[in-house]
Amino acid sequence: MKINQNISAVIVNDQLLRNEYNLSESVKKLSSGYKFNSAKDNPSGVAISYQMQAQINALNRASANTTDGTSMVETIDGAMGEMTSVLQRMRELCVQAASDTNTETDKDAIQQEIDALKKEVNRISTDTEFNGKTLLDGSLDRRSYVTTKTVDEDDEDIVMESSMFEQISNVQISDSVQSGKYSVVIETAPTHTVATIGGGFSETITKEFAGRITINGAIADIKEGMTPEQAFAELCRAAEIGNVNTLAWDGEEPELTENNLDSQGYNPSPEIYSDANQIIFVAERYGSEGKIEISCDNEKLSQMLGLDGFEILEEGKDVKASIPALEQAEEEEDTESPVNEEQFTGQAIVKGTGNRVTITDKSGFEMSFDVRGDIAADEEEDITQEIMVETTDIGTLQLQIGGNEGQELAVRVPKLDTESMHIDDLNVVKTNGAARGITQMDVAIGMVSEARSKMGAYENSLDFAKNSLDATSEDMTTAISRLADVDMAQEMTTYTNASVLTQASISVLSQANDLPQQVLSLLQA
């Protein structure tokens, strides 16, 4: 027996420490519910579980995003529904005004309601919001930019791009239009039909000169006693109803600017009216849609106005546009900003109506825009204006509906107002205005209906995405539970075993510590 080294106690103490460690680990797992509570417990398991937990958190957040997105799309859909109701009422009014049972006073009253409804359409467009975002004003639609290229006077290679924002407007593209640059040549600028007569109201209207002048179906009632100014004002009133602008021309050569587009460059006389002026008539609508037809039921009144000298000075032209040949693009030396004309196919069709250009191609491709009348194009001098329409993916509402980068749903909300739906000039008082309005309203209602259909598709996509996200989150939660959650029954068995061993070790250690005391009995002997 030895007293300097109690080997038995050392052995028992080492085992006690192991049992206490196992017991503490078991207690830690039982109290936390996890198999591992620090990286040293299971380094690879910790890394995997943390990564899975990050994915689960992202999926749960993405699911919440889809709910927010659904709420926004439902708001858009609701606003479009109200807009549809307004448009339906406007169409009903157009049908009402198209009947000849209505007097001019009746049509004026109908037009007043239509004007109020136009304002309501625009109000819905600008005031519909969700969380501070305006929804129907085009701010959530794809962005398109229009530029033109100009070279310096020496035709050097220095090319400058300038914005055509004012002269090319109301650009609309279908969903099938891919992002890229599209080159279009404006060959002929849109113009208004212009006509003139050789005389005017030279004196106060007497009985023999009283009569009716008809301008595109609208009647100017020239009555006895009218002054020349009053008679001219009545002529202008009727012409306006007939979709014609009337000017007392001062005889100067017209110069087309952005300020006199409606009058095709003809400026009114400095005086209100003078019999020394010619009278100029300019169709309100561009191109083939504009016409000027004038007649008179009083021969003497006709002679006073010089209607026998009625002359069309300029026939209105529809805008004419084309797509440059693909060979031209291949010869371009400018490689810094190449024309991606391959976006067009050989089946592309370019159509100009009035001042609007529409380009259609296969697979639902459609692009359209308005061309202002003063765009730099002159068919007679062989001057054309090449523009570049660049479409982008910028502007759409991007909803993050996944836990990883790029898992987004692009929600495109088109601009819906009277201008984009081409009903801003709807006027049932004017000649054929009601009949034309019915067609305009059909187009407008169709645009809103198509947009609402897209909103419904987005809502369905978001619902499917949410269901998928929730299911994936549930499955991943189950997976991480298998990996990281402790089996309480199994761990309780381990705990009980460690607890019993610890108690036994403590008891044995107590006995081992008593062994040196037995040496005293030998010394006493």
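The model is a predicted one, and its chain of 525 residues has 42% of them counted as buried. Nine helices and 20 strands make up the list of secondary-structure elements in the chain. Among contacts between residues at least 6 apart in sequence, 74% join residues at least 24 apart, and the accessible surface of the chain comes to about 28,300 Å², with 48% of that area belonging to carbon and sulfur atoms.

**Helix α3**

- Helix α3 covers residues 104-127, and its 24 residues should span 34 Å at 1.5 Å a residue, which agrees with the 34 Å that separates its end C-alpha atoms.
- The buried residues of α3 are Lys-107, Ile-110, Gln-111, Ile-114, Leu-117, Lys-118, Val-121, Ile-124 and Ser-125, and the elements that cover them include α2 (43-97) and β2 (133-134).
- An α-helix has 3.6 residues a turn, so residues three or four places apart point the same way.
- Gln-111, which is placed in α3, counts as buried because its relative accessibility is 6%, under the 20% limit.
- The side chain of Gln-111 makes a polar contact of 2.7 Å with the side chain of Asp-115, and, with residues up to four places away in sequence not counted, Gln-111 touches Lys-118, Leu-426, Asn-427, Val-428 and Val-429.

**Nonpolar cores**

- In the largest nonpolar core, which has 42 residues, those that touch the most other members are Met-80, Met-83, Leu-87, Met-90, Leu-136 and Met-421.
- Two or more residues of this core come from each of α2, α3, β19 (397-400), β20 (408-411) and α7 (433-484), and the largest share, twelve residues, is given by α2.
- Another core, of 29 residues, lies apart from this one and has Ala-231, Ala-238, Met-304 and Val-429 among its members.
- Leu-136 touches Ile-76, Ala-79, Met-80, Met-83, Ile-124, Ser-125, Thr-128, Val-413, Pro-414, Lys-415 and Leu-416, when residues up to four places away in sequence are not counted.
- In soluble globular proteins, nonpolar side chains tend to be buried together.

**Strands β19 and β20**

- Strands β19 and β20 run antiparallel and are joined by four bridges, and the bridge partner of Leu-399 in β20 is Leu-409.

**Strand β17 and its partners**

- Strand β17 (residues 366-371) has five of its six residues buried, so the strand is largely enclosed by the rest of the structure.
- Strand β5 (residues 168-173) pairs with β17 in the antiparallel sense over four bridges, and Ser-169 has Asp-370 as its bridge partner in β17.
- Strand β16 (residues 356-360) also pairs with β17 in the antiparallel sense, over five bridges, with Val-357 standing opposite Phe-369 of β17.
- β16 and β17 form a hairpin with five residues between them, and in the turn Ser-363 has a positive phi of about 65°.
- Glu-366, which is placed in β17, has a relative accessible area of 38% and is therefore partly exposed, since this value lies between the limits of 20% and 50%.
- Apart from residues up to four places away in sequence, Glu-366 touches Gln-172, Ile-173, Ser-174, Val-177, Thr-358, Ile-359 and Thr-360.

**Thr-391 in strand β18**

- Thr-391 belongs to strand β18 (residues 385-391) and, at 2% relative accessibility, counts as buried because the limit is under 20%.
- The side chain of Thr-391 reaches the backbone oxygen of Gln-178 at 2.9 Å.
- Leaving aside neighbours within four places in sequence, Thr-391 is in contact with Arg-142, Arg-143, Ser-144, Ile-173, Val-177, Gln-178, Ser-179, Gly-180, Tyr-182 and Met-367.

Notes:
Residues are numbered from 1 along each chain as its sequence is written. This is a predicted model: local features need pLDDT of at least 70, side-chain atom pairs count only at pLDDT 80 or more; totals for chains, interfaces and linings use all residues. Side-chain values use heavy atoms; hydrogens and water are left out. Buried means under 20% relative accessible area, exposed over 50%, partly exposed in between (1.4 Å probe, protein chains only). A polar contact is a pair of N or O atoms within 3.5 Å; within protein, one must be able to donate a hydrogen and the other to accept it, and residues adjacent in sequence count only if both atoms are side-chain atoms. Contact means heavy atoms within 4.5 Å. The expected span of a helix is 1.5 Å times one less than its number of residues. A nonpolar core is a set of buried Ala, Val, Leu, Ile, Met, Phe, Trp, Tyr and Cys residues joined through side-chain atoms within 4.5 Å. Accessible areas come from the Shrake-Rupley method with a 1.4 Å probe; for residues, only the protein chains shown count as cover. Two strands pair if DSSP finds at least two bridges between them.
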